[in-house]
Structure formats: structure tokens, C-alpha cells
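Reader: I'd like to go through this model sheet by sheet. Can you take me along?

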Amino acid sequence: MELRHLSYFQAVAEELNYRKAAERLFISQPGLSRQIKQLEEELGVQLFERDKKHVELTASGAFLKEEVDFVLNHLETTKQQLSEIAAGREGELRIGFLGSASNQVLPNLLKKLSSNFPKITTSLEELSNQTQVEMIQKDKLDLGFVRLASVPEDLEMKAIFRDTFSLVVPKDHPIQSEQFKSVGQFSDESFILFSSDYSNFYYEQILGICREAGFTPKIKHKSVHALTIFRLVENGLGVAIVPTSLKEGYELIVRFMEIPVITQFTELSVIWKPENRNPVLKNVLSLIS
């Protein structure tokens, strides 16, 4: 049995007239009759009662029509869906991200995605910079949001958000914003930093800020999660230096004070593999400015 047999049967079953069905199919009436007879012989049942004036479905034919209608409709839907997938308008995008991207950059992208490509779904995973790079290289992720100075040659990187650094202190810390002139004022404090595992480049930037202020920080705690760092600061276990944008999205008893007169800044970048074969990726990249 071939797909054309089902299409021919469906046309006759709907028209109940061989001549009209043949015209609709752009084939000859004798040719159509032969195709239906072949189908009946293959199935071993009679599908139509036919005389010179009337064509009617048998009980078997009526049952087959319902099944054929379902099958052909499903095939057409599948064909349309395949076109959507091939054009990158439907499918799944696997995204890796740093916690700092979840406050503004990532939600904005997901909103654009929902408006422009509602059939695209996303799988989101918070990961370190290096893990994102490795997973994108291995085609386990399609897109990443990282803070890195560079990426391997087989990946592309585009800076999408430049950020300043802020000092995070407990809410009741005696030094107020108007008194804050330099991180050197906190040289005797314990520091809570993002681990170098999070980003060695980022870690070195923080140390550079302290060195330029004339001291080496006493690093008491490290973490790869912003919320953990903020909780430790909140409980008086030290102060932290983080991207200023991280002050959004957390309800904590801490204060952010933007660090004045420093040369360092941090950039959030999007990375991807140009050879990635996921057709969704091209459309998503068009939404990232």
C-alpha cells in the first residue's frame, strides 16, 4: 500500500463519484478505478458499493475513511511542523547562563522570544563560564551568557551588557555611600568573592581593584553563587565586590555602593558555536542586541 492509494481512496470517499474524484486528482477515471481495486485487493475487503448511478461506502470503507482522514491530516500537520523546525521557528534552545544574566538580560531575551517565535521552547541551566564554553563546544548547549575576556577560536562571542563594580556591605555598616571614596577604606575587612572557578578573569579583576587601592584583600569565603555571597554579607561575615547589576532581583539586608574612579568594568557576553546545526539558533541570535 502506498500513500497515493490512501489519497485516491479519500477523494472517492468524499466525492462518492469516480468522475469528480478523478478530475480532482488530475488522473483518468479508469486509472482511478484501477487504483481503488488494487487497494481493495491488498486489504482483502470491498470498500465501495457501486452501480451505474451510485457510489456508496461499505461498512469497511466507512471505517477506513475515518482512519485515512486522521492519517493524512496528521501527515499534513507533520509536514507543516517540519517546515517550521527547518526554518528555526519551532524547536528547543538550550541556554546556559551566569546568575547575573537572570536579572535582566535573560528575561528580556525570553520575552522577545515569546513574542517573535512562540513555538520555540527553552531549556535553561545556570552554569559557570568554563562549563558553558565546554558544553557549547560539545553541542550540549546552544547559547551561553558569560563573563570572559575571550573564548576558543571555534566559538563566537558578542558583548551585550557593560557593568560597573559595586561593594556590597551589611545594611548597618558604619561607612555610608556619601563617605565611600575607595575600596581601600575596607582593607581591614574580610572579603567574600566569586570563586576563581566561576571565572578566573573576573577573579583577577577583583584582585586588581584591591591592588590599585593599595592592599591585598583578606579572602575569607568564596562561592560561585551570588545569593550565597549576599547571605554571607548580610550576616556580617565580610564584604563583597560584584557587578552593580546584581543589586536587582534580591531581597536582602545589604547595601550596594558603586566603586568610584576605577578602570575595571565587567561585560556580560553571549557566546555560541557558528557550526551549531540547531536552526533555532539563527533566529534567536537576531533578537540579541
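Author: Strands here are DSSP E runs of at least two residues and helices H or I runs of at least four, numbered from the N terminus, and two strands pair if DSSP finds at least two bridges between them. Mind that this is a predicted model: local features need pLDDT of at least 70, side-chain atom pairs count only at pLDDT 80 or more, and totals for chains, interfaces and linings use all residues. Residues are numbered from 1 along each chain as its sequence is written, and side-chain values use heavy atoms, with hydrogens and water left out.

Reader: In strand 11, what is the bridge partner of Leu167?

Author: Strand 7 (residues 165–170) runs antiparallel to strand 11, and five bridges join them. In strand 11, Leu167 is bridged to Met257.

Reader: On to the five strands that form an open sheet: what is their order?

Author: The pairing in this sheet is mixed. Strand 4 and strand 6 (156–163) each have a single partner strand, so one side of each is left without a neighbour in the sheet. With those two at the edges, the order reads 4-3-5-12-6.

Reader: Which residue stands opposite Glu125 in strand 4?

Author: Glu125 is found in strand 4 (residues 120–126). Strand 3 (residues 91–97) runs parallel to strand 4, with seven bridges joining them. Leaving aside neighbours within four places in sequence, Glu125 is in contact with Ile95, Gly96, Phe97 and Met135, where contact means heavy atoms within 4.5 Å. Standing opposite Glu125 is Gly96.

Reader: Why does Glu125 count as partly exposed?

Author: Buried means under 20% relative accessible area, exposed over 50%, and partly exposed in between (1.4 Å probe, protein chains only). Glu125 is partly exposed because its relative accessible area is 39%.

Reader: And the nonpolar surface patch: which helix gives the most to it?

Author: With three residues, the top contributor is helix 4 (residues 59–86).
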